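Here is a short report for a first look at this structure.

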Amino acid sequence: MSEPYFNNIKTELLRADLKTNLKITRSALGDTADLNIINITIGNTECAILSIEGMASSQLLAELVFEPLTSYAEKEPTANQIIEMLEKHSLMSTDRQLVTDFGTLIELLFSGFAAILLDSIPRAICLGIQGFEKRTVSIPEAEQTISGARDSFTETLRTNMSLVRRRLKTPALQFELCKVGKLSVTDICIAHIEGRASTETINKIMQKLQSIELDTVLNAGYLMPFLDETYNRSIFSALTVTERPDNACAALNEGKILVIIDGSPGCILLPTVFADNFRTMDDYCEKPFYAAFSRWIKYASFLLAVLLPGLYTALVMFHPEVFPLKLLLNLAAAEVATPYPPVVEMLLLMVLFEIMREAGVRLPRSVGGAVSIVGGLIIGDAAVKSGMVSQPLLIVVGMTATASFVLPSLYPAITVLRLIFIIAGGFGGLYGIAVASALLIFNIAAVDQYGTAFTSPLLPLRPHGLKDIFSRAGFRELAKRHTTVTDD
Amino acid sequence: MTKQKISPAALICLLLCARCFTTMTLFPVGITGGLTYMTGALISTVLQAFLLIPAAKLAARTRKDPCTLTFNQSKNFGKAVTLTFLLYFIYEAFRDIGDLAYFTDYFFAVNMTRVMTVLCIVLAAVYGARLSISVLGRTARITFAGVIIMLAIIAAGAADDMEITRFDYAVNNLPAEIAKAAYAEFSRCECLALFCFLTSEIDGDPEKTAKRYLISKGTIITIIAAMVTSVLGTFAFAEKLPVFTLAAASENLITERSDAVFLLIWVMTGIVKLTTLLYCSARCLRLLRPATSHIGSVLFAGLLPTAAALPLLLGYGWEKVIYSPRPVAPIIVLALLIPAFLLIVHQKPATESEV
């Protein structure tokens with residue numbers, strides 16, 4: 001791709017001549033159709049007001065720019081008086097920037113600012129009057145809770161920052177902004193609590209973000225390979241994407257770092273540990289005994305979702321002696337009637353289940369339900385009746401599928417691991433399962449993100465952190481001793 | 001990049017996994033009774049406490065492994081010591097691979113040839129050995145927790161069949177039998193050489209670690225021996241995979257037998273042991289040939305024992321290796337003599353920068 005003309009004038013300073021400035025701006029933007037230039041004369045001074053169609057609010061433009069300027073025109077001021085009024089005495093907008101170069105001018109125009117250029121003044125006043133269409137704060141869809149907060153991040157960076165700030169009204173909460181993406185010039189914000197998050201990690205993240213050479217950054221996934229230090233080495237990700245501000249604030253309080261991306265409702269939290277996937281905000285609304293029970297259910301669900309189909313296949317095929325006699329007879333009767341070995345049946349059903357799940361996700365909600373009915377009831381029932389698959393195996397698949405929905409953040413890892421364990425169990429019995437388990441443990445243990453082990457606080461052992469892993473620490477206890485993700 | 005350290009607890013678990021694998025695979029041959037074996041194991045453990053003193057003191061003083069220290073003394077001496085360690089680790093890896101493949105084939109009807117069994121286990125171990133020692137430590141801790149859970153399940157299921165009289169107290173020549181058991185137990189302690197090699201990498205006190213390791217080792221071996229011999233009696237010493245035989249008789253509310261749990265954990269301890277041996281072998285190889293890449297050295301370390309074990313496994317000659325006596329001399333040389341010599345040489349306390 002050839003270098004755009006815009007890149008050549010990025011560092012060029014604004015000229016004193018208005019016409020030249022307008023010509024350069026137009027040419028830099030390639031005479032784009034959405035550039036609005038309104039020329040007016042105030043006293044004897046030629047002015048131009050620049051904005052991008054749809055990015056700036058017409059109403060704010062009229063109220064905050066045109067109206068004060070036209071009323072000021074009655075005084076017939078000189079160019080210097082106008083610029084002095086705009087710079088020092090005007091309260092037209094809360095977000096006001098004085099710009100001297102074309103690069104910043106164009107960047108601000110594309111961010112929804114209106115720029116006021118005056119003849120014989122080599123500067124521009126940019127006013128933040130953003131008016132682009134944006135989604136309002138709504139209920140989180142991917143991370144549902146029963147009693148937690150109901151708001152979620154949106155696609156607008158500033159809104160997301162305010163959602164965090166509203167919950168953490170402390171000067172220790174700090175936001176740092178940077179821009180990533182050669183074409184998208186996406187605003188990225190790093191939020192952290194000073195004294196809780198490691199300064200070294202913050203600097204490292206900032207460096208990594210600034211070294212990204214991507215053209216566009218359109219969602220959190222674009223940044224993950226750059227921020228995740230074990231992205232290609234592990235099946236698990238030590239970064240979490242959240243759309244819940246309350247989750248983000250809890251993580252910030254634990255010394256984690258939040259990366260907010262403009263244009264994406266998913267914000268990245270890092271570094272996260274394996275146990276974070278088993279915690280929800282609901283745990284902190286329930287009594288500790290129930291929260292602990294709920295956590296154990298989630299751990300059990302993870303094991304079921306990953307291991308159950310593989311174990312079932314291995315036991316049925318190679319180690320049937322472990323089943324109690326009655327169960328063994330039932331299983332034998334069911335399996336003898338099917339034409340395929342259990343490993344093939346299991347793989348077929350698992351792939352079929354994934355296809356139906358994918359279809360359910362992509363289709364509109366009204367049709368998604370129909371897919372479940374077709375898949376779950378009709379195909380499942382027909383498969384058993386026709387003798388293609390055995391009934392116990394269908395039960396195992398159903399249990400596994402349900403268990404995997406308990407942990408949405410681990411779903412990609414669970415899906416792949418499940419297939420690996422089915423293949424390992426189907427071809428090597430429990431020996432295969434043992435080898436696959438060893439590899440899985442190696443893989444989990446190898447994830448180390450910004451000095452925090454993924455298996456922390458269990459390995460390496462941090463006794464204070466453990467209380468919030470297997471049970472839910474009480475608020476009095478949390479108030480007495482606060483632990484962060486990097487604490488020893 | 002800073003060198004990754006391992007916690008004392010993780011090193012203890014790593015060594016315990018290695019030791020448990022050997023104990024669970026086969027009890028020493030020719031021992032007359034459970035009580036004799038347990039007494040011998042405990043006496044052997046006490047003796048090992050004296051044996052490990054030089055290695056622990058050396059690690060505490062220098063924070064370097066014996067191979068690096070000998071290389072600092074003299075290049076040729078360093079090469080000789082490193083080669084001795086390497087050969088011993090490869091020999092142990094050879095036995096580990098062979099035992100895993102042979103017993104898996106012998107006891108568990110899996111749909112795999114011996115070549116496939118060996119390949120699976122070696123590739124898994126190579127994958128693990130190319131990671132850092134801290135990762136091995138974390139894996140070992142999880143695996144050792146599995147060992148404890150497995151033993152609890154088996155013990156709970158076989159509790160009805162346990163009888164203290166099966167320890168068989170009647171022995172003709174008690175001192176000789178106990179000495180034999182202590183010697184047999186000592187010859188199976190390849191973990192002492194591993195301790196000597198790895199103890200410099202811990203972020204704690206090596207002397208305390210040695211003490212805790214030996215106490216844990218003595219306890220776990222006694223527990224395993226007590227569990228098995230209280231059910232199987234003297235037959236435990238004639239059985240291959242004695243814990244498997246016990247697990248097969250252990251019933252619980254969910255399963256008829258617990259041998260599946262045993263297989264799962266036994267293979268995992270085998271993998272942890274093999275991974276540790278390959279990790280140490282690879283480090284020795286890199287000391288001998290610094291130009292070797294990390295992955296290259298691990299692959300080579302995996303290839304040597306595999307190539308040695310496969311012909312015996314395929315030719316059905318592994319039985320001879322199983323019952324062949326384990327050499328004691330390398331353990332004494334590697335875990336006692338070399339560290340003792342280096343300790344004498346390094347009488348001077350290490351400077352701040354060395355630590």
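## Annotated spans in chain B

The model is predicted. Over residues 294-316 of chain B, the chain is 91% helix and 0% strand. The end C-alpha atoms of that span are 34 Å apart. Residues 139-158 of chain B are 100% helix and 0% strand. Their end C-alpha atoms lie 28 Å apart.

Both spans come from a record. An unreviewed UniProt entry gives chain B the annotation "transmembrane region" at residues 36-56, 106-127, 139-158, 219-238, 260-282, 294-316 and 328-345.

## Nonpolar cores

The largest nonpolar core holds 211 residues. Those that touch the most other members are A:Leu258, A:Val435, B:Cys17, B:Ile121, B:Phe195 and B:Leu278. In chain A, domain 2 (157-272) and domain 3 (287-449) each give this core at least three residues.

Take B:Leu278. Leaving aside residues up to four places away in sequence, B:Leu278 touches B:Ala93, B:Ala125, B:Val126, B:Ala129, B:Val298, B:Ala301 and B:Gly302.

A second core is separate and has 32 residues. Among them are A:Leu18, A:Leu108, A:Leu109 and A:Leu117.

## Where the chains meet

Chain A brings 25 residues to the contact, and chain B brings 28. On the chain A side, α10 (288-318) and α15 (411-445) each supply at least two residues. The largest share, 14 residues, comes from α15(A).

What kinds of residues make up the side of chain A that touches chain B? There are 19 nonpolar, five polar and one charged.

Definitions and conventions. Residues are numbered from 1 along each chain as its sequence is written. Chains are lettered from A and ligands numbered from 1 in the order in which they are written. This is a predicted model: local features need pLDDT of at least 70, side-chain atom pairs count only at pLDDT 80 or more; totals for chains, interfaces and linings use all residues. A nonpolar core is a set of buried Ala, Val, Leu, Ile, Met, Phe, Trp, Tyr and Cys residues joined through C-beta atoms within 7 Å. A residue is buried if 20 or more other C-beta atoms lie within 10 Å of its own, exposed if 12 or fewer, and partly exposed in between; C-beta atoms are placed from the backbone. Domain bounds come from an automatic or database domain assignment. Two residues are in contact if their C-beta atoms, placed from the backbone, lie within 7 Å. UniProt positions are given in the numbering used here, feature names are shortened, and annotations may be inferred rather than shown by experiment. Helices (H or I, at least four residues) and strands (E, at least two) are DSSP runs, numbered from the N terminus. Ala, Val, Leu, Ile, Met, Phe, Trp, Tyr, Cys and Pro count as nonpolar, Asp, Glu, Lys and Arg as charged, and the others, Gly among them, as polar.
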